[in-house]
Every structure is written in C-alpha cells, then in structure tokens.
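Colleague: Could you take me through this structure step by step, so that I can follow how each conclusion is reached?

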Amino acid sequence: MNWRERFLTLLEHEEPDRIPFDVWCSPAFLVKLRNQLGEEKLVNFSRDLWLGIRGAGPTVPEEFARKCVVHEPFVHYGTGIRVDQDTIEDEWGIRRRLTATRTESRVVYSPLKDADAESLDNYLFSDPNAPGRLRMTKDEVEKFKEEGYWVVGGFGIDTFWCQAWYLRGFKQLTIDLYANPEFVEKLMGKLLGYYEGIGKHLVELGVDQVNMADDVATQTEMIVSPRLWRKYIKPCYQKLTNILRPKVKYIKYHSDGDIRLIIPDLIEMDVNILNPIQPDCIDPAELKSLYGDRLTLWGGLSVQDTLPHGTVNDVEKEVKRTIESCAPGGGFVLGTSNNVTQDTPIENFLAMYEAAEKYGRYPIR
Amino acid sequence: MKPDVLDRLKKALVELDLVNLDRLVNESLSLGVDTMKTLDVLRSGMEEIGQRFENQEYFVSELVMAGELMKKTLNVLKPHLKAEDRGLGKIVLGTIIGDLHDIGKEIIKSLLISSGFEVYDLGIDVPPEKFVEKAKETEAEIIGVSALLSTSIAKTADIVKALKDAGIRDDVKVIVGGAAARPWMVEKYGVDAAVYDAIKGLEIIKRWQRRNIH
C-alpha cells in the first residue's frame with residue numbers, strides 16, 4: 001500500500017496495512033535528539049517513513065515578504081517584520097515577543113485592542129487572494145499524489161477563536177462575548193471572509209484533506225462557553241466547511257484540551273478527523289466507542305505525563321493500549337498529542353517508535 | 001436596609017448581567033447598605049459562579065467575565081470601605097521562568113482579588129528568586145506559581161529552596177497551578193499544593209487562610 005491508499009482506507013474506516021505515525025517535536029527536543037543520536041540515525045524518524053504527507057497552504061504574500069520579512073523557524077507564527085530584537089509583527093499586525101531561547105513567543109500587541117464595531121472597517125484584513133499567497137500549484141499537488149503522498153491543506157494560522165483573540169486580546173475578546181456581541185459577530189464575519197478565500201484556493205488545488213486548528217479548551221473545560229461557541233463560532237465553521245465540501249472529503253479539526261462537549265457539533269459541521277486526542281484529559285477509548293464510526297482519531301499519546309515522566313515500559317504500554325483501543329476497524333492515526341518536550345528522555349522517545357513499529361500493523365493482535 | 005437589593009445584586013453578578021449589576025451597586029450605595037455586607041454578598045456570588053464552573057454550567061469565559069465585573073464593582077465600592085475592612089491576605093503570583101502563558105494566571109488573579117486577597121503579580125517568565133524577594137518585601141503568606149509547560153514547572157523546587165535559604169519556608173505556603181501541575185509534585189518539589197484548575201486552587205488558598213495559614 002502506498003500512503004494515499006493507506007489514508008484513503010483508514011479514513012473510510014477500514015483497516016489498512018499499518019497505522020501512520022504523526023510525531024511533533026519541540027525544537028529544543030530535536031536539538032537534544034540530534035546531539036545524542038547523531039545525524040545518521042535521525043533518518044529513522046523521517047516523516048516520509050511514518051506519515052507520508054505533503055502540505056499545501058497559504059504563506060505571506062509577495063508584497064509583505066518584500067518588507068524585510070524575517071523567519072524564526074522554531075517559532076509558531078515566526079514569519080514577520082522584526083520590530084525589535086525580540087519582537088516580530090506578522091502580516092495582520094499582531095506582535096509576538098520571543099523568549100531568550102527563541103523557541104516560544106507570546107502575543108504582546110493586538111492591533112484591534114481599541115477597535116469598535118464601526119472602526120473594524122478601517123482595519124486592513126489580510127487578503128486571501130494577494131499575489132504570492134499560495135506558492136504551490138495544482139500541478140505540484142497532482143505530482144505529489146502521483147508519487148503516492150497524501151496531500152493536506154491548511155490555513156497557515158489558527159482559525160476563528162484564536163485568531164480573533166490574537167487580534168483583539170484574550171481578555172477583551174472574552175468580555176466582548178458578553179458585552180459587545182455586535183463587535184464579535186462583525187469580527188468573525190471579517191475572519192470568515194479570509195478563511196473562505198483560502199478555502200476556495202485549497203479546493204482548487206485539489207488537496208485530499210483540509211486541517212482547521214483552533215484551541216478552544218483547557219484540559220478541564222471549554223475556554224469559550226459552548227453556548228457562545230455555538231452562537232458566534234460554529235456558524236462560521238459551518239459556512240467554511242460548506243465551501244470545502246463536497247470537493248474535499250476529509251476535514252480535520254484540532255483543538256488542545258477537553259472538547260468533548262462540542263464533538264457532536266463538530267460532526268454536524270462535517271468534521272471527520274479529530275486531533276490531537278490529549279489522553280491527559282480525554283480517554284481515546286471513550287471517543288472510539290462513542291464516535292469511532294464517524295470520526296478518525298488522530299493522535300492519542302501523552303506528551304505531558306508518559307513521555308517525559310514515565311518509564312520505557314510505560315511508554316510501550318501506552319502506545320499498545322492506544323492502538324488496541326483506537327485502531328480496530330481503521331479510522332486511526334497514531335500520534336503525539338502535542339510537541340515532544342525537551343525534558344523527555346531519549347530512551348522514551350525511541351521506545352515510542354519501537355512500540356509503534358511493533359504494534360502498529362494490522363491485524364491488531 | 002433592603003436585603004432585596006443585595007439578593008438582586010448577587011443574582012446580577014452570578015448571571016453576568018452587566019447592566020443591572022452597575023445599577024444595583026449604585027442603588028445599594030445610595031440606600032446606605034453597609035459596604036462590607038454588599039461585598040460579602042458579591043463574594044458569595046463569586047462562590048456560586050465557582051460552583052457553576054465546577055458543575056460545567058460555566059466555563060473559562062464566564063470566569064473571566066465574572067472576574068472583570070467583580071473588579072469593576074470593587075473599584076466602585078472601595079472608597080466606601082472602612083480602613084479596618086482589611087483583605088484576606090497577601091499572595092505573590094507569577095508564571096514560572098521559561099513559560100510565557102498567562103491566561104491561567106489571569107484567571108486565578110481575578111478570583112483572588114474578588115475573594116479579597118491582595119495580589120502582587122510578577123507577570124510571566126519569573127525566576128524563582130523573584131518570587132521569594134517579593135514575598136519577603138510584601139510579607140505575603142502565599143506564593144502562587146502558574147505553569148503550563150512540563151519543562152518549566154520543575155523550577156518551582158528552586159522557589160522552595162530559596163525560601164528555605166532565606167529562613168522563611170515556614171512562613172510562606174507555595175501552591176503551583178496549571179495544566180502541568182500534578183499531585184506528585186507536592187512531594188517531589190516540596191510545594192504545599194499542586195492543582196489543575198483555578199477554582200480548586202482558590203479553595204485551597206482560602207482553606208489555608210481560614211486556618212490562619214499555619
């Protein structure tokens with residue numbers, strides 16, 4: 001089976017030959033891995049051996065790229081104009097400050113912090129059709145497919161809630177949910193305009209799957225109350241997925257944390273892949289039994305407890321347990337539920353791969 | 001005095017009714033209701049909000065909004081409080097060094113302020129010694145450490161060590177909170193409590209306060 005066949009089989013809830021394995025690593029952990037194992041052994045963890053995916057998505061347009069844009073490769077949203085040594089401004093005007101190690105950043109300036117519903121019209125929202133927005137062509141996507149890769153499109157940034165609070169500020173947007181509904185609706189509408197534009201491009205490119213990411217929960221509860229999420233955010237997603245479907249059959253939604261309260265809503269709006277299934281707060285087996293016929297579960301391994309704090313034996317057990325509970329009948333991609341952190345022992349990381357190799361083949365014993 | 005005003009005031013806070021809350025605070029003041037009584041009613045309203053949060057009727061967004069409303073209301077009431085109506089205690093708060101996440105810290109901060117604590121917020125990326133310096137300077141009885149990243153949270157052990165070195169370990173309780181906090185950290189890092197969410201953290205801090213801390 002090549003990767004396309006494998007993904008098509010598992011996403012249709014049938015059993016392929018083996019389970020793809022999606023591992024995310026923090027930059028600091030990668031440095032540690034490289035130092036301890038050496039360059040040669042890193043080849044064993046190549047994504048092409050374990051996942052077989054090619055990505056397609058938007059980038060900064062040509063005009064913005066000309067403004068002395070820098071790229072901090074290890075930082076989420078690390079592309080932008082350098083404001084000072086530690087601060088980067090992205091295309092939307094959001095400023096993020098980097099840590100001394102340059103591996104983390106946080107929003108320090110939100111361009112819409114003082115805006116009101118009326119002045120939102122004066123803010124220049126990013127143009128999904130700006131020249132250079134999508135560098136990949138339809139032909140390139142076709143070529144990847146011919147080579148047997150699974151092609152996944154994305155939006156390049158988080159979708160509605162997160163992008164809205166980066167623009168507005170977390171506390172202010174939360175207050176707006178209660179005190180300024182007109183502003184929230186208008187802001188979400190403006191964001192929808194951007195995502196719809198990108199969505200249309202992804203459809204034209206002919207990607208196999210589209211990823212949407214928006215962290216809306218902590219590990220104990222939803223950040224945005226489900227009632228308000230359904231009022232302001234869900235309708236935007238529904239409009240977006242209406243554009244993606246039926247051309248793009250597979251839609252993945254990512255949110256960290258415990259989002260069980262909105263999973264039925266996600267299914268209703270045509271999401272059919274869920275990521276990252278954080279076992280620290282969601283039981284993968286429970287999700288499989290409740291939604292395994294409608295959702296492909298993607299992820300499931302703990303980067304907070306088992307990998308950094310467990311033993312090699314604990315890691316093997318978790319991989320085995322997760323596979324046994326989620327893999328039967330297909331609809332499962334094994335993966336870490338976030339970045340493997342710097343404090344993870346190398347032997348635990350290696351044990352995770354060994355266990356994925358040992359237990360990740362069908363039929364599941 | 002019209003107890004009815006206080007009932008309605010509490011209801012307005014619990015239901016995050018912005019318009020009526022403002023109006024009822026002013027009404028209670030103009031009726032000459034004892035400010036401390038008003039404050040007690042509002043605090044019991046915050047407890048009910050915490051209860052709703054525990055029951056998954058309320059979520060983080062409601063906690064943030066309630067904290068904001070309470071902060072605003074406290075500002076209106078403050079000039080009317082008597083000098084002897086002192087706060088519950090002092091707490092030094094911060095996100096541990098190497099960690100820049102502050103949403104959790106902001107939530108516990110507004111809950112603490114609403115409950116009557118005096119909070120000294122050191123911000124994010126805070127080195128262990130800064131927590132201890134501030135606790136000494138303010139004579140705070142509690143240090144609250146916020147952490148999301150498992151890689152950074154081990155640094156809380158350094159706070160405990162610095163407190164010991166300064167000879168004030170017995171005077172200051174240390175609580176660590178956030179997604180990375182685990183019960184075993186109490187033993188491993190020598191902290192007094194490790195909790196997952198803000199409401200549980202607040203409960204513990206209040207319990208310490210009720211027992212007069214030590």
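**Where the chains meet, and a sheet**

Modeller: In this predicted model, 24 residues of chain A are in contact with 21 residues of chain B.

Colleague: Which helix gives the most to the side of chain A that touches chain B?

Modeller: The residues on that side of chain A divide into ten nonpolar, nine polar and five charged. Seven residues come from one helix, spanning residues 170–179 of chain A, and this greatest contribution belongs to helix H8 of chain A.

Colleague: What ipTM does the predictor give the complex?

Modeller: For chain B, the mean pLDDT is 89, and 95% of its residues reach 70 or more. For the complex, the predictor gives a pTM of 0.90 together with an ipTM of 0.90.

Colleague: Which strands are the edge strands of the sheet in chain B?

Modeller: The five strands of this open sheet follow the order S2-S1-S3-S4-S5 in chain B, and their pairing is parallel. An edge strand pairs on one side only, and in chain B this describes strand S2 (117–121) and strand S5 (193–195).

Colleague: Which residue is the bridge partner of B:Leu93?

Modeller: Strand S1 of chain B, residues 89–95, pairs with S2(B) in the parallel sense over five bridges. The partner lies in S2(B), and for B:Leu93 this bridge partner is B:Asp121.

Colleague: What angle does helix H10 of chain B make with S4(B)?

Modeller: Helix H10, residues 198–210 of chain B, lies across S1, S3, S4 and S5 of chain B. Its direction relative to S4(B) is given by an angle of about 170°.

Key
Residues numbered from 1 in each chain as written. Chains lettered and ligands numbered in written order. Predicted model: local features only at pLDDT ≥ 70, side-chain atom pairs only at ≥ 80, totals over all residues. Contact = placed C-beta atoms within 7 Å. Helix = DSSP H or I, 4+ residues; strand = E, 2+ residues; numbered from the N terminus. Nonpolar A, V, L, I, M, F, W, Y, C, P; charged D, E, K, R; others polar. pLDDT = per-residue confidence, 0-100. Pairing = 2+ DSSP bridges. Axes fitted to C-alpha atoms, helices over the stretch in contact; angles between N-to-C directions.
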